[in-house]
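Biologist: I am new to this model and would like a close look at one part of it, with its surroundings.

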Amino acid sequence: FPAGLYAGNLSDAAAGGKAASVAVVVQVRDNIDALCEAAKSSTYASLPCLTHRAFISVSPSDDIAGMPANFSVPTGRSIVGPGGAQIVDSWADLLDGTIDTSLGDAAVASDHWWSGSLQDGTFDAGNNCGGWTTESDKGRSGLHNKTDSNWIEGNTPNCSASRYVLCVCW
(Lines give C-alpha, C1' and ligand atoms only; values in the text may rest on other atoms or scores of the structure.)
Protein backbone atom coordinates (compact mmCIF):
# COMPACT_ATOMS: atom_id res chain seq x y z
CA PHE A 1 0.00 0.00 0.00
CA PRO A 2 1.18 3.57 -0.55
CA ALA A 3 2.19 5.79 2.36
CA GLY A 4 2.06 9.01 0.32
CA LEU A 5 4.24 11.12 -1.95
CA TYR A 6 7.57 12.37 -0.60
CA ALA A 7 10.79 13.91 -1.85
CA GLY A 8 13.94 11.84 -1.32
CA ASN A 9 14.81 13.23 2.10
CA LEU A 10 12.58 10.62 3.72
CA SER A 11 14.24 11.03 7.07
CA ASP A 12 13.12 14.67 7.05
CA ALA A 13 9.60 13.82 5.85
CA ALA A 14 9.11 11.16 8.49
CA ALA A 15 10.41 13.45 11.21
CA GLY A 16 7.72 15.97 10.38
CA GLY A 17 10.09 18.32 8.58
CA LYS A 18 12.89 18.13 11.15
CA ALA A 19 16.03 16.56 9.72
CA ALA A 20 17.56 13.76 11.72
CA SER A 21 20.60 14.95 13.63
CA VAL A 22 22.56 11.76 12.99
CA ALA A 23 22.02 9.94 9.70
CA VAL A 24 22.26 6.34 10.82
CA VAL A 25 20.64 3.50 8.92
CA VAL A 26 18.49 2.26 11.81
CA GLN A 27 17.08 5.71 12.44
CA VAL A 28 16.34 6.23 8.74
CA ARG A 29 14.59 2.84 8.53
CA ASP A 30 12.54 3.63 11.62
CA ASN A 31 11.58 7.05 10.25
CA ILE A 32 10.50 5.66 6.87
CA ASP A 33 8.63 2.77 8.52
CA ALA A 34 6.76 5.41 10.57
CA LEU A 35 5.25 6.70 7.30
CA CYS A 36 3.84 3.21 6.73
CA GLU A 37 2.54 2.99 10.28
CA ALA A 38 0.67 6.28 9.84
CA ALA A 39 -0.80 5.21 6.47
CA LYS A 40 -1.84 1.80 7.82
CA SER A 41 -3.62 3.41 10.79
CA SER A 42 -5.32 6.19 8.86
CA THR A 43 -6.09 4.74 5.42
CA TYR A 44 -5.53 0.99 5.43
CA ALA A 45 -6.75 -0.04 8.89
CA SER A 46 -8.92 -2.77 7.36
CA LEU A 47 -5.96 -4.64 5.84
CA PRO A 48 -5.60 -8.00 7.61
CA CYS A 49 -1.97 -7.61 8.68
CA LEU A 50 -0.22 -6.87 11.95
CA THR A 51 3.32 -6.11 10.76
CA HIS A 52 4.40 -3.56 8.16
CA ARG A 53 7.62 -2.12 6.75
CA ALA A 54 8.52 0.42 4.12
CA PHE A 55 9.23 -1.37 0.85
CA ILE A 56 12.54 0.37 0.15
CA SER A 57 16.26 -0.40 0.17
CA VAL A 58 17.94 1.73 2.83
CA SER A 59 21.48 0.29 2.84
CA PRO A 60 23.46 -2.76 1.67
CA SER A 61 22.44 -4.58 4.87
CA ASP A 62 18.82 -3.34 4.79
CA ASP A 63 17.51 -3.81 1.27
CA ILE A 64 14.32 -5.20 -0.25
CA ALA A 65 16.04 -8.48 -1.13
CA GLY A 66 16.97 -8.97 2.53
CA MET A 67 13.58 -8.18 4.04
CA PRO A 68 12.67 -11.84 4.70
CA ALA A 69 15.87 -12.37 6.73
CA ASN A 70 15.88 -8.92 8.36
CA PHE A 71 12.19 -8.58 9.19
CA SER A 72 10.69 -12.09 8.88
CA VAL A 73 8.68 -11.19 5.78
CA PRO A 74 6.97 -14.44 4.69
CA THR A 75 8.39 -15.75 1.41
CA GLY A 76 5.86 -18.38 0.38
CA ARG A 77 2.76 -16.20 0.14
CA SER A 78 1.28 -14.40 -2.83
CA ILE A 79 2.01 -10.68 -2.98
CA VAL A 80 -1.24 -8.75 -3.46
CA GLY A 81 -2.27 -5.12 -3.64
CA PRO A 82 -4.52 -3.49 -1.02
CA GLY A 83 -7.62 -4.48 -3.00
CA GLY A 84 -6.54 -8.12 -3.39
CA ALA A 85 -5.13 -8.05 -6.95
CA GLN A 86 -2.25 -10.53 -7.14
CA ILE A 87 1.08 -9.04 -8.21
CA VAL A 88 3.20 -12.23 -7.99
CA ASP A 89 3.07 -15.74 -6.50
CA SER A 90 5.89 -15.36 -3.96
CA TRP A 91 8.72 -13.16 -2.66
CA ALA A 92 11.22 -14.89 -4.99
CA ASP A 93 8.89 -14.20 -7.93
CA LEU A 94 8.80 -10.54 -6.88
CA LEU A 95 12.55 -10.20 -7.37
CA ASP A 96 13.13 -12.30 -10.50
CA GLY A 97 13.06 -9.36 -12.93
CA THR A 98 9.35 -9.21 -13.76
CA ILE A 99 6.00 -9.04 -12.02
CA ASP A 100 2.64 -10.32 -13.26
CA THR A 101 0.56 -7.20 -12.57
CA SER A 102 1.80 -3.61 -12.52
CA LEU A 103 1.64 -1.74 -9.23
CA GLY A 104 -0.75 0.71 -10.88
CA ASP A 105 -3.14 -2.06 -11.93
CA ALA A 106 -2.92 -3.58 -8.43
CA ALA A 107 -3.86 -0.21 -6.85
CA VAL A 108 -0.52 -0.03 -5.01
CA ALA A 109 0.73 3.19 -6.63
CA SER A 110 -0.66 5.60 -9.17
CA ASP A 111 2.75 7.07 -9.97
CA HIS A 112 6.47 6.32 -9.59
CA TRP A 113 7.84 5.21 -6.21
CA TRP A 114 11.15 5.27 -4.33
CA SER A 115 12.83 1.85 -4.36
CA GLY A 116 16.55 2.49 -3.85
CA SER A 117 16.91 -0.92 -5.48
CA LEU A 118 18.35 -2.71 -8.43
CA GLN A 119 16.34 -5.30 -10.38
CA ASP A 120 16.95 -8.05 -7.82
CA GLY A 121 15.97 -5.92 -4.83
CA THR A 122 19.52 -5.19 -3.71
CA PHE A 123 20.57 -1.71 -2.62
CA ASP A 124 21.53 0.76 -5.38
CA ALA A 125 24.62 2.28 -3.76
CA GLY A 126 24.80 5.12 -6.27
CA ASN A 127 21.17 6.22 -6.26
CA ASN A 128 19.59 6.46 -2.82
CA CYS A 129 19.27 10.16 -2.00
CA GLY A 130 22.29 9.99 0.29
CA GLY A 131 20.74 7.21 2.38
CA TRP A 132 17.34 8.95 2.13
CA THR A 133 18.65 12.02 3.97
CA THR A 134 19.00 14.62 1.20
CA GLU A 135 17.23 16.11 -1.79
CA SER A 136 20.47 17.06 -3.57
CA ASP A 137 21.36 13.63 -5.06
CA LYS A 138 19.57 11.12 -7.26
CA GLY A 139 17.45 8.22 -6.11
CA ARG A 140 16.34 4.96 -7.69
CA SER A 141 12.65 4.95 -8.53
CA GLY A 142 10.33 2.18 -9.69
CA LEU A 143 7.66 2.68 -12.34
CA HIS A 144 4.04 1.99 -11.39
CA ASN A 145 2.97 1.11 -14.94
CA LYS A 146 5.61 -1.53 -15.82
CA THR A 147 5.92 -5.28 -15.26
CA ASP A 148 9.49 -5.70 -16.55
CA SER A 149 12.50 -4.79 -14.39
CA ASN A 150 11.52 -1.12 -14.67
CA TRP A 151 8.83 -1.78 -12.06
CA ILE A 152 11.60 -1.62 -9.42
CA GLU A 153 14.56 0.12 -11.12
CA GLY A 154 12.88 2.34 -13.72
CA ASN A 155 14.71 5.64 -13.39
CA THR A 156 16.89 7.88 -11.24
CA PRO A 157 15.17 11.22 -10.67
CA ASN A 158 16.54 14.08 -8.61
CA CYS A 159 15.76 13.56 -4.96
CA SER A 160 13.79 16.79 -4.88
CA ALA A 161 11.12 14.99 -6.96
CA SER A 162 8.12 13.52 -5.17
CA ARG A 163 7.65 9.78 -5.39
CA TYR A 164 5.47 7.34 -3.47
CA VAL A 165 6.80 5.49 -0.46
CA LEU A 166 5.37 1.97 -0.60
CA CYS A 167 4.71 -0.38 2.28
CA VAL A 168 4.48 -4.13 2.65
CA CYS A 169 2.45 -5.77 5.39
CA TRP A 170 1.84 -9.28 6.61
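Biologist: What is the volume of the largest pocket?

Modeller: The model is predicted, so local features need pLDDT of at least 70 and side-chain atom pairs pLDDT 80 or more, while totals for chains, interfaces and linings use all residues. Numbering starts from 1 along each chain as its sequence is written, and side-chain values use heavy atoms, without hydrogens and water.

The largest pocket has a volume of about 530 Å³. (A pocket is an open set of points on a 1 Å grid where a 1.4 Å probe fits, with protein on both sides within 12 Å along at least five of seven lines; lining residues have an atom within 4 Å of a point. Volume is the space filled by probe spheres on the points.) Its lining has 26 residues, and those closest to the centre are Ile79, Val80, Gly81, Val168 and Cys169. Two or more lining residues come from each of β3 (79-80), α4 (91-94) and β7 (163-169) (DSSP runs, at least four residues for helices and two for strands). With four residues, β7 gives the largest share. The lining holds 21 nonpolar residues, four polar and one charged.

As for charged pairs, the structure has four salt bridges (Lys or Arg side-chain nitrogen within 4 Å of an Asp or Glu carboxyl oxygen). In one of them, Asp33 pairs with Arg29 at 3.0 Å between the closest N and O atoms. Both residues lie in helix α2 (residues 25-42), four residues apart. Arg29 also forms a salt bridge with Asp62, at 2.8 Å. Asp62 lies in the loop between β2 (52-54) and α3 (67-71), so this pair ties together parts 33 residues apart in sequence.

Key: Nonpolar A, V, L, I, M, F, W, Y, C, P; charged D, E, K, R; others polar.
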